[in-house]
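Visitor: I would like to learn how to read charged pairs and chain contacts in a model. Could you walk me through an example?

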Amino acid sequence: MKKFLVILILAVLGFHLFAAFSGLGFGVTRFEKGVKDFYLEKTVSELHVANTVTSIVVNFRGFDTLGEVTVLFLAVSAMGGILYKRRHHAGDRSVLFSSSSIVRSGSKLLFPAIILLGVYIFIHGHLSPGGGFQGGAIIATGFLLMLIAYENFSVSHNTLSYIESFAGIFFVVIGLLGFMNGGTFLQNFLPAGILNNLFSGGVIGIIYVMVGFKVAAELTGLIYTILHEKD
Amino acid sequence: MIYLILIFFLLILMLGAAVYAVVQKDLLYAVIATGVISLVLTAIFYMLQAPDVALTEAAIGVALTTIIFLITIRNTKRYEDDYNKKDNLKSPLK
Amino acid sequence: MDDKLFEILEFGVYGASILLILIGLYAVLTKRSLIKIVIGMSIIDGGIHLLLITIGYLKGGTAPIFSPGYEEAAGQMVDPVPQALVLTAIVIGFGVTAVALSLIIRLYRHHHTLEIDEIKRLKW
């Protein structure tokens, strides 16, 4: 009975959603002069950054990114509080995935390559697809592989928290330095450089590297916490 | 042409995986089906010219979300037990 | 021929993302297992991301990344604003999932069940 009611409600909801979105059109230019054109033009003419998504995330909407990184930090702290345990011992896991020697040797071989890929992605965030969030998540994946393959592999929580705090403070300090020339928060104060060079875009590359460190530390800490939860 | 047919195939695969993830009683299979949804979404995002989003979805949706679901299932239990529930409803004491 | 297929594709992509949202909502509303509810929430996440990316798509457009020699190509690029939005939404969605799953582990340690009907005393 309840299921039929739910299906009825969802059918009405789906009909109205579809009616609303089918009128929007797919693959058409909807605005003659929208905010998209402003962003695209400023990105290439003033900031000299190749990837427009990076320039929106870090520069035009950089304050939102600061808030987002804070939300991620709060989520990790909340998890640490919920899954609180007196002491972590290395190898004291709640779940044990027993691994064979092939998995161990293979993950030892793959680990430096995964870390290198993550670092490459967040250093080249303003030139190619990718950036701090993607690179940080890939680095966390590398640590996850090692944590699963080796029972006594452990990461130091102090080191993680230092990396995380310094990256966050650096982000805010660079943002505040934008006030120097009478600009706004996160204003670009370094020379913009040439399009498609590694040192271009001023502060955007530096900030995205900091975001990469912060996200990598947070996600690694999150996985470490949930893997060591035990009564 | 072949591009459009490929998108249709991916959309149908995604919807099938979603229905399977909801219907399946074994939570382990359901979680793997959720990972399949994310994997197909990665390909669709790439085809819709959003490579940044595709990279994020590949790293977070496929790898990290699946593994924390798996750890949770190992910590709790594997089956969604509807069977006991039905027995309780049929008994006259309830 | 291609235009005809493209028109069908418009309904296909919008319809698939809306159906994905509805399937996730169905799981959230009717299922009793807590892990199933979180799976439904992550399916809703995927549907909303696909819907937003689809709104920003431009037919025959390229990814919003400039190359040397093509600095004037801004007119043929897809909308980068929904992409930046979805980029942050995915990361936040992962944080939400992680917190929900840790709450589930805690509830299971205390009540030894995952059924929401059997968890009655909600204080520990």
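This is a predicted model: local features need pLDDT of at least 70, side-chain atom pairs count only at pLDDT 80 or more; totals for chains, interfaces and linings use all residues.

Visitor: What can side chains of opposite charge do when their charged atoms come close?

Guide: Such side chains can pair. A search here finds 6 salt bridges over all chains. One of them joins Lys42(A) and Glu46(A), at 3.1 Å from N to O.

Visitor: How many residues apart are Lys42(A) and Glu46(A) in helix α2?

Guide: They are 4 residues apart, which puts about one helical turn between them. Lys42(A) is partly exposed at 26% relative accessible area, and Glu46(A) is partly exposed at 48%.

Visitor: Is Lys214(A) buried or exposed?

Guide: Lys214(A) is buried, with a relative accessible area of 10%. Its salt-bridge partner Glu218(A), 3.7 Å away between the closest N and O atoms, is buried too, at 2%.

Visitor: And in chain B, which parts does the pair Asp26(B) and Arg78(B) tie together?

Guide: Their side chains meet in a salt bridge at 3.0 Å, N to O. Asp26(B) sits in the loop between α1 and α2 and Arg78(B) in the loop between α3 and α4, so the pair links parts 52 residues apart in sequence.

Visitor: How many salt bridges are there between chain B and chain A?

Guide: The count is 0. The side of chain B that touches chain A has 10 nonpolar, 3 polar and 2 charged residues. The two chains bury about 1600 Å² between them, 76% of it on carbon and sulfur atoms.

How values were computed:
Residues are numbered from 1 along each chain as its sequence is written. Chains are lettered from A and ligands numbered from 1 in the order in which they are written. Side-chain values use heavy atoms; hydrogens and water are left out. Buried area is the accessible area (1.4 Å probe) that two parts lose on being put together, summed over both. A salt bridge is a side-chain nitrogen of Lys or Arg within 4 Å of a carboxyl oxygen of Asp or Glu. Ala, Val, Leu, Ile, Met, Phe, Trp, Tyr, Cys and Pro count as nonpolar, Asp, Glu, Lys and Arg as charged, and the others, Gly among them, as polar. Helices (H or I, at least four residues) and strands (E, at least two) are DSSP runs, numbered from the N terminus. Buried means under 20% relative accessible area, exposed over 50%, partly exposed in between (1.4 Å probe, protein chains only).
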